[in-house]
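I'm opening my notebook on a new protein today.

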Amino acid sequence: MAQNRLSNVTVEQVKAAMKEILEAFDKPQNKAKIQEIEQEAGSDLVKLLQERLPFAAEIQKEVIKCHGFSDDGDQGSLTFTHAIKLFENEDEEIASMAADLKTKFIPSLPHPPLFVPRDVT
């Protein structure tokens, strides 16, 4: 079924949408909103993701509907994500943009130390 929805999707269509999505994240109002979300969340990772993921999804949804993907619920986003997965192994530019796009949804997180030395004396 997913393949049927993807049969009309082209590499160029996905590239164009991804470029536009990444540009949308760089708009001053979107950067400011993401910064506001991060500041309000502080060190609360759950709160950060609860606010950032829907905001990022809305930015993506607004762009992809202009590139032929459905704006009916989450179907367009799912189809777009499947198209990225389909083409990222074949196209380095899509793979690179996919990695960039992922960081817009899920920020890089600090890694906890693997070993914390304790004074055992």
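First, a term I need for accessibility: buried means under 20% relative accessible area, exposed means over 50%, and partly exposed is in between (1.4 Å probe, protein chains only). With that in hand I looked up Asp72, which counts as exposed because its relative accessibility is 59%.

Ground rules next. I'm working with a predicted model, where local features need pLDDT of at least 70, side-chain atom pairs count only at pLDDT 80 or more, and totals for chains, interfaces and linings use all residues. Residues are numbered from 1 along each chain as its sequence is written, and side-chain values use heavy atoms, with hydrogens and water left out.

**Overview**

I checked the secondary structure and found six helices and zero strands. Helices here are DSSP runs of H or I with at least four residues, strands are runs of E with at least two, and numbering goes from the N terminus. Along the sequence I read the pattern α-α-α-α-α-α.

How much of the protein is buried? I got 33% of the 121 residues. The protein exposes about 8,200 Å², and carbon and sulfur atoms supply 53% of that. Those areas come from the Shrake-Rupley method with a 1.4 Å probe, and for residues only the protein chains shown count as cover.

I also looked at contacts, meaning heavy atoms within 4.5 Å. Among contacts between residues at least 6 apart in sequence, 67% join residues at least 24 apart.

**The core**

A nonpolar core is a set of buried Ala, Val, Leu, Ile, Met, Phe, Trp, Tyr and Cys residues joined through side-chain atoms within 4.5 Å. The largest one here has 28 residues, and Val14, Met18, Phe25, Phe80, Ile84 and Leu101 touch the most other members. Helix H2 (11-25), helix H3 (28-41), H4, H5 and helix H6 (92-105) each give two or more residues to this core. H2 brings the largest share, seven residues.

**Where H4 meets H5**

How do H4 and H5 cross? The axes of H4 (residues 45-64) and H5 (residues 75-88) come within 10 Å and cross at roughly 85 degrees. That makes H4 roughly perpendicular to H5. For the words: under 35 degrees is roughly parallel, over 145 roughly antiparallel, 65 to 115 roughly perpendicular, and the rest oblique. Axes are lines fitted to C-alpha atoms, for helices over the stretch in contact, and angles run from 0 to 180 degrees between N-to-C directions.

H4 puts Gln60, Lys61 and Ile64 into the contact, and H5 puts in Gly76, Ser77, Phe80 and Thr81.

I picked two of these. Gln60 in H4 counts as buried because its relative accessibility is 6%. Not counting residues up to four places away in sequence, Gln60 touches Ile21, Ser77, Phe80, Thr81, Leu101 and Phe105. Ser77 in H5 is buried too, at 14%. Leaving aside its neighbours within four places, Ser77 is in contact with Gln60, Lys61 and Ile64.

Back to Asp72: I found it in the loop between H4 and H5. Its C-alpha atom is separated by 9.6 Å from that of Lys61, 11 residues apart along the chain.
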